[in-house]
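Have the viewer open as you read.

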Amino acid sequence: MKTLITPAEAVTLAFGTGEYVAPEAIAEADIAAAERRYIVPVVGRKLHARLAEGGYAEFTAEYLAAPVALWTRVLVQPRLDVHSGQCGTVAPNPDGAEPATDAQCLRLMQSLRTKARTLVRLAAEHLAQNAERFPEYDPEENILKTCTIHGNYIEIR
């Protein structure tokens, strides 16, 4: 499965300093799911395929790597917050730490989504301003051109 970033890059870009998550906790399938759900509808299938082959590496590094990592974290964070085993599903409670409250988890997820959406919009703006450099890009496939959510407002064009 070809993805725009590796699990190690996802961990580096999506988790802050002091937050340790092993790269093995994120699978390539997690990254592929994030790309399919949040990136492909903006850049289109053809451009995404070219990017996955290594094309436009500078664009990927500068504009897409961070939002892919953040969207990947959004998808895997609930799985990281609980552990499943033979005794069922449990929340981790290491010595000297307390699990985050529901409100704290909600604020974290909202923050991650806001940052990821903003970075995807930045990438989309770059594509629109430089469409001639990306022949695989079809603006008609960019969902942000037809539907955008601004806070509590939905804009449909």
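How many helices and strands does the chain have? There are 5 helices and 4 strands, where helices are DSSP runs of H or I with at least four residues, strands are E runs of at least two, and numbering starts at the N terminus.

## Ground rules

This is a predicted model, so to speak with thresholds attached: local features need pLDDT of at least 70, side-chain atom pairs count only at pLDDT 80 or more, and totals for chains, interfaces and linings use all residues. Residues are numbered from 1 along each chain as its sequence is written, and side-chain values use heavy atoms, with hydrogens and water left out.

## Overall layout

Going along the sequence, the pattern reads α-α-α-α-β-β-α-β-β. The C-alpha atoms fill a box of roughly 55 × 35 × 30 Å along the principal axes.

Of the contacts (heavy atoms within 4.5 Å) with a separation of 6 or more, 67% are between residues 24 or more positions apart.

The chain has 157 residues, and 35% of them count as buried, meaning under 20% relative accessible area with a 1.4 Å probe, protein chains only.

## A helix pair

Helix H1 (residues 7-14) packs against helix H4 (residues 57-81) at about 90 degrees, with axes 8 Å apart. H1 and H4 are therefore roughly perpendicular, a label covering 65 to 115 degrees. On the H1 side, the contact involves Ala 10, Leu 13 and Ala 14; H4 contributes Ala 65, Ala 66, Ala 69, Leu 70 and Arg 73.

Note on methods
Buried means under 20% relative accessible area, exposed over 50%, partly exposed in between (1.4 Å probe, protein chains only). Axes are lines fitted to C-alpha atoms, for helices over the stretch in contact, and angles run from 0 to 180 degrees between N-to-C directions. Angles under 35 degrees count as roughly parallel, over 145 as roughly antiparallel, 65 to 115 as roughly perpendicular and the rest as oblique.
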